[in-house]
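Here's a walk through one model, from a single side chain out to the whole fold. Keep the structure open while you read.

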Amino acid sequence: MDTAPVVSFELLVASLVMQAQVGLGLMAMPGEEPQKDLAAAKYAIDLLGVLEEKTKGNLTLEEDRLLKNSLTELRFRYLNQEAN
């Protein structure tokens, strides 16, 4: 029987970050070339923004830093991609 990963806030954030990175063309599925999908990247980034807003004041320091740092980096990369 396969064991599923432990469900956690960090795993949720990591999953959305990965979706955004794929959309930004920063990573790809194994065996595929990276392709940009800025609409998909923006959607994942916006979901992280909603998560930040709705969990404000309810996260550990580590969770809050993970979310804020991830959002800052992804928003920066998105704006750079959008400008090019």
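## Starting at Glu52

Let's begin with Glu52, which sits in helix H2; helices here are DSSP runs of H or I with at least four residues, strands are E runs of at least two, and both are numbered from the N terminus. Glu52 counts as buried because its relative accessibility is 19%, the cut-offs being under 20% relative accessible area for buried, over 50% for exposed and partly exposed in between, with a 1.4 Å probe and protein chains only. Setting aside residues up to four places away in sequence, Glu52 touches Leu67, Lys68, Leu71 and Arg75, where contact means heavy atoms within 4.5 Å.

A word on where this comes from: the model is predicted, so local features need pLDDT of at least 70 and side-chain atom pairs count only at pLDDT 80 or more, while totals for chains, interfaces and linings use all residues. Residues are numbered from 1 along each chain as its sequence is written, and side-chain values use heavy atoms, with hydrogens and water left out.

One of the partners of Glu52 is Lys68, which is found in helix H3. Is Lys68 buried or partly exposed? Lys68 is partly exposed, at 34% relative accessible area. Its C-alpha atom is 9.1 Å from that of Leu48, 20 residues away along the chain.

H2 and H3 pack with their axes 10 Å apart, at an angle of about 150 degrees. The axes are lines fitted to C-alpha atoms, for helices over the stretch in contact, with angles from 0 to 180 degrees between N-to-C directions. H2 and H3 are therefore roughly antiparallel (over 145 degrees; under 35 is roughly parallel, 65 to 115 roughly perpendicular, the rest oblique). On the H2 side, residues including Lys42, Gly49 and Glu52 make the contact, and on the H3 side the list includes Lys68, Arg75, Tyr78 and Glu82. By class, this contact has nine nonpolar, three polar and five charged residues; Ala, Val, Leu, Ile, Met, Phe, Trp, Tyr, Cys and Pro count as nonpolar, Asp, Glu, Lys and Arg as charged, and the others, Gly among them, as polar.

## H1 against H2

The axes of H1 (residues 9–23) and H2 (residues 38–55) come within 6 Å and cross at roughly 155 degrees. That makes H1 roughly antiparallel to H2. The H1–H2 contact has 13 nonpolar, three polar and no charged residues. Among the H1 residues that meet H2 are Phe9, Leu12 and Val13, with Ala41, Leu47 and Thr55 among those on the H2 side.

## The nonpolar core

Which residues touch the most other members of the largest nonpolar core? They are Val13, Ile45, Leu48, Leu67 and Leu74, out of 15 residues; a nonpolar core is a set of buried Ala, Val, Leu, Ile, Met, Phe, Trp, Tyr and Cys residues joined through side-chain atoms within 4.5 Å. H1, H2 and helix H3 (61–83) are the elements that give two or more residues to this core.

Take Leu74: beyond its neighbours within four places in sequence, Leu74 is in contact with Val17, Ala20, Gln21, Leu24, Ile45 and Leu48.

## Zooming out

Overall, the protein has three helices and zero strands. Of its 84 residues, 26% count as buried. Along the principal axes, the C-alpha atoms fill a box of roughly 40 × 35 × 15 Å. Among contacts between residues at least 6 apart in sequence, 59% join residues at least 24 apart.
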